[in-house]
Amino acid sequence: MSAKAISEQTGKEFLYKYICTSAAVQNRFRYATVAAETDWGRLTQEHPWLLTERLVVKPDQLIKRRGKLGLVGINLDLQGAQEWLKARLNKETTVGKAKGVLKNFLIEPFVPHTQEEEFYVCVYATREGDYVLFHHEGGVEVGDVDAKAQRLMVAVDEKLSEEQVTEQLLTHVPDGKKEVLANFIVGLFNLYEDLYFTYLEINPLVVTQNGVYILDMAAKIDATADYICKAKWGDVEFPPPFGREAYPEEAYIADLDAKSGASLKLTLLNPRGRIWTMVAGGGASVVYSDTICDLGGVDELANYGEYSGAPSEQQTYDYAKTILSLMTREKHLQGKVLIIGGSIANFTNVAATFKGIVRAIKDNQGPLKEHEVTIFVRRGGPNYQEGLRVMGEVGKTTGIPIHVFGTETHMTAIVGMALGHRPIPNQPPMDAHTANFLLNASNSAKTPATTRTASFSEPRTSNDVSPAKKSKAGLPADSLHSILWPLKNMVTGNWKAKATTLFRKHTKAIVWGMQTRAVQGMLDFDYVCSRDEPSVAAMVYPFTGDHKQKFYWGHKEILIPVYKNMTDAMKKHPEVDVLISFASLRSAFDSTVEAMQYPQIHTIAIIAEGIPEAQTRRMIKMADEKGVTIIGPATVGGIKPGCFKIGNTGGMLDNILASKLYRPGSVAYVSRSGGMSNELNNIISRTTDGVYEGVAIGGDRYPGSTFMDHVLRYQDTPGIKMIVVLGEIGGTEEYKICQGISEGRITKPVVCWCIGTCATMFASEVQFGHAGACANQASETAVAKNQALRDAGAYVPKSFDELGDVIRTVYEELVANGTIVPAEEVPPPTVPMDYSWARELGLIRKPASFMTSICDERGQELIYAGMPITEVFKEEMGLGGVLGLLWFQRRLPRYACQFIEMCLMVTADHGPAVSGAHNTIVCARAGKDLISSLTSGLLTIGDRFGGALDAAAKQFSKAFDSGMLPMEFVNKMKKDGKLIMGIGHRVKSINNPDMRVQILKDFVKQHFPATQLLDYALDVEKITTSKKPNLILNVDGFIGVAFVDLLRTCGGFTRDEADEFVDIGALNGIFVLGRSMGFIGHYLDQKRLKQGLYRHPWDDISYVLPEHMSM
């Protein structure tokens, strides 16, 4: 959500720190917080004024009207304050319907003053601007300030002046205080804007001859502006509404949400309740809560929450395990139910998210069975059939009763089943598999469809459709093309025209962002709608250079240009009039403002959620001035069957075909929720001839376009015969529809339902999934709006459960009176399924190009040879342990890991004179980069330099395994004219031993279970050194034979496996890995020393020319 309440202490801290005013603000930072654990001695040391001044004490827990409730202690000394607190601290009290414990209190200096010195001031945000309310009589008895107060509206992007304040707000204020108050109110308003407040109320504001005192304060800030205001806000703590505890599990989910691009929400209402929900989608989560409460489950509803935005399997698992842990802490006499519900997803892979839930169910199957939990599942969307199958399977394998339903079942039907209000079908009908969109579904020749023409966006002839009625104001229905309807800007009074028809058969769009999946979905929709050309003309992505991106158009591959900047895209594609912005919440504002500079753009869809409200309002104002329609923010977009769809709207092709979105119907809808818009596609396709157009305006408090904007468009579009509106709690936009119906501006049948009816049944305030889903006054509740719509003449069902029935009834009436004429259904063209999706569904198989058995990076956590990376660090396996996993696919004994690390250490470097280091140095001095220089050194490794590990291991192993005596082995190698690999050193000898070998020998003798091959090699060394002192077992030879002993005796390998690792060159890898460290060291050393190009000196070269040439 965006607007979040902050404590009075936080609000005052912001004000005292950052307000800029010449008015003398008194008692800055003079407040003390008290809780049960407060040490009074320490508190008085930190705030010595507590001992000397009269005090005011009050709870700081978002409680309104504390004075009237007797929750303010006034004019007390410290002892009196302590006694007052003793009677209230940690005591339960009732505020309205909410019961809660008083835990946090605020103590401030008492300010002696008269009633005449008390004032009321409030600033709050609306769509058009910010209202400043002022009343010259503040305090406990201020009464109905909305009716009493002077009111001044500051339009978006405008500034407040002291003259305005004085003239319009301070008319009843004594002249002596006007200047101080005007200056303070302007400073307060600037603070409100700078720190992204959405609500700021001070009552009373006391003005005496000494200055200004802020006595009581209530405030909300726009939490989405955290990335802008973090430096000033710091870490803000948002307290829960009074009557609801702050649970650690809520904080845990909030932390997961903050770290994720998905949306994860959890509010605990009654942890002892028997009805728990795990719902996908912000709108759907409200609908399920409504239905539970409608069916009498409000007292047993344990939680509200939602997961949406394609969370990963691990995120879904973490969310699910939290819910399952909470619901299995206390038993219930009737057992418990878990409702895993959701609308039809637009882009979330249902099977992938269900994997996390299934894993959580398996991990908690014991407690779930012990607490007699029954689970009801209903879901739709991409790959939902596989998700439902997996969910059904886990029920069978665990013995937990799990009832599974898909899109064939009404979204909230499972609530009635779970609460015992409707029977549970034994074998629910299942819809066709996702893969069925490969085939033409032409067996149904007739559907209840409206008459259609070849070009769905063309106007119908007079024979096809009855003319739209005129409104009472005499406004005629406009033609379908180039209709402009007036939108009055409430701030400036200027009339701006926006197009009635946003999308046509030939609409072209630019997509901002590298959203290849969404673009391919749009192209598949275009193809199945029989469009002549793709709807996406180009993409804009600032993080890469201009290039072409490959997509499919039916069976054919096509290229779509991608531009680094918007200017180039607009110049080269003047036919484009729609921008679909997948920009992040941080960049969406700038990219949208830039797009509106191009007159060709008439419609902008903003997908991002979490854009600060102040930025959204500025975009709305600019769009109104330029005649641009904005859909969003926080939306999936919209769809016009047969013409155009925005991004992921409508889901994948199976849903497009199932909901008949490839051709227009007669019903247009508008909703806030993206997920619920897809559910409306499903409901409307099952109860009518289908959708003509649908828009999800977005869940933010200030959507770019409103319900009424689109309802008026639908009213003026002849092809639309009835309108469906899915409103919700919060805001007052639905009342404009009531007005439009009452005044005759809207004459077409309107079916409307506002979700969020459960809110009035809760004891404390609940912020639902959408930022705008919160009622700030009685008129904004869903119940009030549903009644107003019903009174105005809209068709309003009794609940969401009955929405489909009401839509069907209205549609059948229109068919009966001839307004809608059923038509022949024309099957759409087939579209091939993408390979990646077909594989995801398990429909195809293909031999893999690569096979790997050492590492898997696809999951939530990197895995080395079956061991998660977290376990690698937890077990402190070290580099040797990791090498064991990646090279040998074994968890080696500790001594083996240590030996590997020792080998790497002793082989790391052997000076600059050896060939590998020499090459590396020469390359570095030639100005080559690190990789080139390292590669140059590594290429010298072979039998003559560093590559003797494998050869020594093979030679000694073969001789030992054949039973050859050491002397026989030496003689045979001499007879064959071969060198014994691993024997001999240029510098070291029996009299000047190599300490590297000595260190390794001591370790091996102490820790290895057996050293047969090493002992054999040492016997060979005795023979060779008797002939020449430097024919010692060198470090390469030692590591080679010792490693064979390790592989053969550590218990982790068979003899064949050990020999295979030697044969495939694993031992040389030790030298390569170790010596790479030294080569890199030489490279860095040369760069650090700034050595120039190397040229070998002439006197170190023997020039030997052929004799006949020298003559």
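Please keep in mind that the model is predicted.

Let's begin with the overall layout. The protein chain is split into six parts: domain 1 (3-222), domain 2 (248-422), domain 3 (502-647), domain 4 (664-824), domain 5 (837-866) and domain 6 (892-1089). If you compare the C-alpha centres of domain 4 and domain 6, you will find 78 Å between them. Residues 502-611 also carry an annotation: an unreviewed UniProt entry places the feature "domain: CoA-binding" there. Over that stretch the chain is 25% helix and 29% strand, with 24 Å between the end C-alpha atoms.

Now zoom in on strand 9, at residues 129-135, where six of the seven residues are buried. Strand 9 has partners to follow. With strand 8 (residues 118-125) the pairing is antiparallel and runs over six bridges. Three residues lie between strand 8 and strand 9, and the two strands form a hairpin. To find your place in this pair, look for Cys-122, which stands opposite Leu-133 of strand 9. Strand 9 also runs antiparallel to strand 10 (residues 150-155), again with six bridges joining the two. Here Gly-129 has Ala-155 of strand 10 as its bridge partner.

Six strands make up an open sheet with mixed pairing, in the order 31-30-33-32-34-35. Its edges are strand 31 (644-645) and strand 35 (750-755), each of which pairs on one side only. Inside that order, strand 32 (residues 667-671) and strand 34 (residues 722-728) run parallel and are joined by five bridges. A handy landmark is Ala-668, which sits opposite Ile-723 in strand 34.

Tyr-835, Leu-843 and Ile-844 make a nonpolar patch of about 250 Å². Tyr-835 belongs to helix 25 (residues 835-840). With a relative accessible area of 37%, Tyr-835 is partly exposed, and residues must have over 30% to be part of such a patch.

Finally, the charged side chains. Arg-42 and Glu-46 meet in one of them, at 3.4 Å from N to O. These two residues are four apart in helix 2 (residues 40-46), so about one helical turn separates them. Arg-42 is exposed at 55% relative accessibility, while Glu-46 is partly exposed at 48%.

Asp-175 is exposed, with a relative accessible area of 65%.

What about a contact between two helices? The side chains of Arg-359 and Glu-313 form a salt bridge of 3.5 Å, N to O. Arg-359 lies in helix 11 (residues 350-363) and Glu-313 in helix 10 (residues 313-327), so this pair ties together parts that are 46 residues apart in sequence. Arg-359 is partly exposed at 30% relative accessibility, and Glu-313 is partly exposed at 34%. Elsewhere, salt bridges that share partners join Glu-8, Lys-12, Lys-58, Arg-66, Glu-108 and Asp-216 into one network.

Methods
Residues are numbered from 1 along each chain as its sequence is written. This is a predicted model: local features need pLDDT of at least 70, side-chain atom pairs count only at pLDDT 80 or more; totals for chains, interfaces and linings use all residues. Side-chain values use heavy atoms; hydrogens and water are left out. Domain bounds come from an automatic or database domain assignment. UniProt positions are given in the numbering used here, feature names are shortened, and annotations may be inferred rather than shown by experiment. Buried means under 20% relative accessible area, exposed over 50%, partly exposed in between (1.4 Å probe, protein chains only). Two strands pair if DSSP finds at least two bridges between them. Patches are made of residues with over 30% relative accessible area and no salt bridge: like charges are joined within 9 Å, nonpolar side chains (Val, Leu, Ile, Met, Phe, Trp, Tyr) within 5 Å. Accessible areas come from the Shrake-Rupley method with a 1.4 Å probe; for residues, only the protein chains shown count as cover. A salt bridge is a side-chain nitrogen of Lys or Arg within 4 Å of a carboxyl oxygen of Asp or Glu.
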